[in-house]
Amino acid sequence: MSTEKLPTRAENFAEWYNQLVIKAELADYAPVRGCMVVRPYGWTLWENIQQALDRRFKATGHVNAAFPLFIPMSFLEKEKEHVEGFSPELAIVTIGGGEKLEEPLVVRPTSETVIGAMYSKWIKSYRDLPVLINQWGNVVRWEMRTKLFLRTLEFYWQEGHTAHATAAEAEEETIRMLDVYTDFAVNDGAVPVVPGRKSEAEKFAGAVRSYTIEAMMQDTRALQSGTSHFLGQNFAKAFDIQFLDWNNQLQYVWTTSWGLSTRFIGAIIMAHGDDQGLVLPPKLAPFQAVVVPIYKNDLEKTKVMEVVEQVRQELSGFRLQVDTREELTPGFKFNDWELRGVPLRIEIGPKDIEKGTVAFARRDLPGKTGKSFVPHTQLEGRVAELLQTIQASLYERALSFRQAHTSEPQDYAELAQVVQNGWALSWWCGSPDCEAKVKEETKASTRCIPMEQPGGEGICIVCGAKATEKVIFARSY
Ligand SMILES: [Zn+2]
């Protein structure tokens, strides 16, 4: 715990983020450069994210399994684009048990290859399809520039890997999981996202088509928050995953993969946080409410703690923390829980007890606006109602912010200007040259071609050629 103030977001957004992650005790820097230690508060947040997603995966027919951390180097080399894309980021083990290995082992950067090898063994007939497996785990990508949660050498995630009898079924699955991510981000994370398709240049190494959900952070940069890939038959051919179809013909399966990682914690921090600290969405917050008892002497303490105990029992259906730390003042505790982003603070002091009420303070509305006094008899209902209100208002606020910082520029000059502090939604002809020019000259990349399109056609904002789709250009993490 530190009493030093955070820099404000306006002063230095990057520093605000870095210090907040440390001070709120979400994560810390590990002894190895670029690695991250996720502390209990951050891990509880991740566990809540896991549960929210896992529930949705199970509801759409998926099951969990675990595949190995080590992958033979030769596996990665079987899919040309895949190995080209991941080679610069690989960690490779050459010695095991003191002896040089016959074949180097890659520490998995993602598991398409090893899972593909297993699927070729397990899938024989159309009766074995579809295979709908998800894995919760960690992966390693040797990144040069790292930032806690957003880009670290090792990170935690889930990766879904499915195999299907037809292309149509696999494409349907790809979109279904994109929708699952959107639903999770919006309804549990309170993070508005734009679901869309990645350009050829931005797609996953080895995919036919990649889809993404993109979120705007409060510095207006985009954060890719989850991806879903249609892999066609690329991995099926590389790993010989074949099945006998209904007509007894041997065919390659169609596969997908999709992932969401601890990066999403970064999205929550940067979409909702304020100058006082984290502002966590109630559905995912480790603690939904914190009770701070207030007393000056032992007599008051006895009375107050009696009511605190009643409140604790009445609110047992919520994730509740009672702050009984003796050596700290209430004021210090208020700041501490504000820093940690607990959605609702409940203050109980002698005056409140006399009046038969407790004081509520909303984290998303600091100061008097967020204060209210609630009779003991209405606690449970009011907490439930307020948490819902907070959840909804966080989403609305983030959505208004994104709308206020998204423009449809008229020409290239305006585009170049807009992306310095926002997103640009523009017609694009689809040419990689136009995309590269924007990136080179403005640092903004294509984030996605939104699923929701205006229809009709326009002219490419870069080259003036005919265009049938709009794309989001933005600077990104
Ligand atoms: Zn163009």
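**Close-up views of a predicted model**

**Figure 1. Ring pairs join Trp46, Phe57, Trp136 and Trp258 into a cluster.** The structure shown here and in the following views is a predicted model. In total, 15 aromatic pairs are counted in the model. One of the pairs, formed by tryptophan 43 and tyrosine 156, is edge-to-face, with 5.1 Å from centre to centre and 85° between the planes. This pair connects distant parts of the chain, since tryptophan 43 belongs to helix 2 (residues 40-59) and tyrosine 156 to strand 8 (residues 154-164), 113 residues apart. Tryptophan 43 is partly exposed, its relative accessible area being 28%. Tyrosine 156 is likewise partly exposed, at 22%.

**Figure 2. Tryptophan 46 and tryptophan 136 form an edge-to-face aromatic pair.** The ring centres lie 6.0 Å apart, and the angle between the planes is 75°. Tryptophan 46 counts as buried because its relative accessibility is 1%, under the limit of 20%. Tryptophan 136, by contrast, is partly exposed, with a relative accessible area of 22%. Both tryptophans belong to the cluster that also contains Phe57 and Trp258.

**Figure 3. Charged side-chain ends sit over the aromatic rings of tyrosine 477 and phenylalanine 373.** Over the ring of tyrosine 477 lies the charged end of arginine 221, at 4.1 Å from the ring centre. For phenylalanine 373, the charged end placed over the ring is that of lysine 355, and the distance to the ring centre is 5.6 Å.

**Figure 4. Four cysteines coordinate the zinc ion.** The donors are the SG atoms of Cys429, Cys434, Cys460 and Cys463, at 2.3 to 2.4 Å. The arrangement is tetrahedral because the angles subtended by the four donor atoms run from 103 to 117°, and tetrahedral sites require all angles to lie between 85 and 135 degrees. Along the chain, the donors have the spacing C-x4-C-x25-C-x2-C. Cysteine 429 is found in the loop between strand 21 (423-428) and helix 14 (432-442), and cysteine 460 in the loop between strand 23 (458-459) and strand 24 (466-467), so this pair ties together parts of the chain that are 31 residues apart in sequence. Cysteine 429 is partly exposed, with a relative accessible area of 27%, whereas cysteine 460 is buried, at 3%.

**Figure 5. The structure contains one cavity of 30 Å³ or more.** The space in the largest cavity amounts to about 70 Å³. Among the residues that line this cavity are Glu112, Tyr119, His161, Phe235 and Thr256. Helix 5 (112-122), strand 8 and strand 14 (254-261) are the elements that each give two or more residues to the lining. Helix 5 contributes the most, with four residues.

**Figure 6. The largest pocket holds about 1,100 Å³ of space.** Its lining is made up of 43 residues, of which Arg141, Glu143, Arg151, Gln224 and Arg263 are the closest to the pocket centre. Two or more lining residues come from each of helix 4 (80-86), strand 8, strand 11 (222-232), strand 14 and strand 22 (445-450). Strand 8 and strand 14 are also among the elements that give two or more residues to the lining of the largest cavity.

Note on methods:
Residues numbered from 1 in each chain as written. Predicted model: local features only at pLDDT ≥ 70, side-chain atom pairs only at ≥ 80, totals over all residues. Heavy atoms only, no water. Phe/Tyr/Trp six-rings, centres within 6.5 Å; stacked < 30°, edge-to-face > 60°. Buried < 20%, exposed > 50% of the residue type's maximum accessible area, 1.4 Å probe, protein only. Lys NZ or Arg CZ within 6 Å of the ring centre and 35° of its normal. Donors = N, O, S within 2.8 Å, 3.2 Å for Na, K, Ca; no water. Tetrahedral: all angles 85-135°; square planar, octahedral: opposite > 155°, others 65-115°. 1 Å grid on protein atoms, 1.4 Å probe; cavity = no way out; pocket = protein on both sides within 12 Å on 5 of 7 lines; lining within 4 Å. Points joined across faces, edges and corners; volume = space filled by probe spheres on them.
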